[in-house]
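Here is a walk through one protein model, helix by helix and contact by contact. Have the structure open while you read.

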Amino acid sequence: ELEAMIAGVHGPAAAPDLESFNVVIFALAVLDGAVLEAEDLLVRMVALGGAPSARTMNHFCDAYLLHRRGDGHTPAVSMVQSCFNQHGVRPQARRLARLVESALESGDVYEARRAALVLAQLYPEAESWPVWARAFAED
């Protein structure tokens with residue numbers, strides 16, 4: 001049905017909104033593990049003039065961590081940076097903190113540091129994110 005809405009089969013009044021895209025992105029990325037298909041849908045949403053929201057970013061962070069264990073932090077950090085730079089949206093700080101933890105758990109210090117730096121850049125005012133992440137970013 002979303003495909004029909006995107007194609008305009010039901011007319012302009014039926015054009016999908018951000019919430020429709022978010023529901024499908026959640027289903028694809030988080031529930032089904034089809035992260036690449038969800039990324040394609042995000043690109044289509046932007047091409048149609050839409051923009052991701054914090055919820056969209058949360059869905060992608062969760063999906064990368066859930067379905068791409070060991071390497072999920074790398075594309076997640078890149079997507080978060082890109083969407084913030086292009087659209088000014090950011091996921092919840094705790095989602096970014098989980099990316100730092102994931103990278104550390106997998107032994108990828110470079111990506112852990114990169115995720116901590118992104119966390120510090122996107123949430124410079126945050127007092128709630130873990131002290132170790134702040135220290136790691138300022139290191």
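How many aromatic pairs does the structure hold?

## The aromatic pair

The structure holds one aromatic pair. To count, the ring centres of Phe, Tyr or Trp (taking the six-membered ring of Trp) must lie within 6.5 Å. Planes under 30 degrees apart are called stacked, those over 60 edge-to-face, and the rest tilted. Here the rings belong to Phe60 and Tyr64, with centres 6.2 Å apart and planes at 35°, so the pair is tilted.

Both Phe60 and Tyr64 sit in helix 4, four residues apart, which is about one turn of the helix. Are Phe60 and Tyr64 buried or exposed? Both are buried. Buried means under 20% relative accessible area, exposed means over 50%, and partly exposed is in between (1.4 Å probe, protein chains only).

## The model and the overall fold

This is a predicted model, in which local features need pLDDT of at least 70 and side-chain atom pairs count only at pLDDT 80 or more, while totals for chains, interfaces and linings use all residues. Residues are numbered from 1 along each chain as its sequence is written, and side-chain values use heavy atoms, with hydrogens and water left out.

The protein chain has eight helices and zero strands, so its elements run α-α-α-α-α-α-α-α from the N terminus on. Helices are DSSP runs of H or I with at least four residues, strands are runs of E with at least two, and both are numbered from the N terminus. Of the 139 residues in the chain, 44% count as buried. Looking at contacts (heavy atoms within 4.5 Å), 59% of those with a separation of 6 or more join residues 24 or more positions apart.

Two packed helices are described by the angle between their axes and the distance between the axes. The axes are lines fitted to C-alpha atoms, for helices over the stretch in contact, and the angles run from 0 to 180 degrees between N-to-C directions.

Helix 3 (residues 35–47) and helix 4 have axes that come within 11 Å and cross at roughly 160°. That makes helix 3 roughly antiparallel to helix 4; the label needs an angle over 145 degrees, while under 35 is roughly parallel, 65 to 115 roughly perpendicular and the rest oblique. The crossing of helix 3 and helix 4 is left-handed, meaning that the near helix is turned anticlockwise from the far one by less than a right angle (clockwise would be right-handed). From helix 3, the contact uses Val35, Ala38, Glu39 and Leu42, and from helix 4 it uses Thr56, Phe60, Ala63, Tyr64 and His67.

By class, the contact of helix 3 with helix 4 has six nonpolar, two polar and one charged residues. Ala, Val, Leu, Ile, Met, Phe, Trp, Tyr, Cys and Pro count as nonpolar, Asp, Glu, Lys and Arg as charged, and the others, Gly among them, as polar.

## Helix 4 against helix 6

How do helix 4 and helix 6 run, parallel or antiparallel? Helix 4 (residues 54–67) and helix 6 (residues 93–105) pack at about 20°, with axes 10 Å apart, and are therefore roughly parallel to each other. Helix 4 brings Asn58, Cys61, Asp62 and Leu65 to the contact, and helix 6 brings Arg95, Arg98, Leu99 and Ser102. These residues divide into three nonpolar, two polar and three charged. The crossing of helix 4 and helix 6 is left-handed.

Asn58, in helix 4, counts as buried at 9% relative accessibility. Beyond its neighbours within four places in sequence, Asn58 is in contact with Pro91, Gln92 and Arg95.

## Helix 6 against helix 7

Helix 6 and helix 7 (residues 109–122) pack at an angle of about 165°, with their axes 7 Å apart. That makes helix 6 roughly antiparallel to helix 7. On the helix 6 side are Ala93, Leu96, Ala97, Leu99, Val100, Ala103 and Leu104, meeting Glu111, Ala112, Ala115, Ala116, Val118, Leu119 and Leu122 of helix 7.

Leu119 of helix 7 counts as buried at 0% relative accessibility. Its C-alpha is 7.1 Å from that of Ala97, 22 residues away in sequence, and 8.7 Å from that of Val100, 19 residues away along the chain. Ala97 lies in helix 6 and is buried too, with a relative accessible area of 5%.
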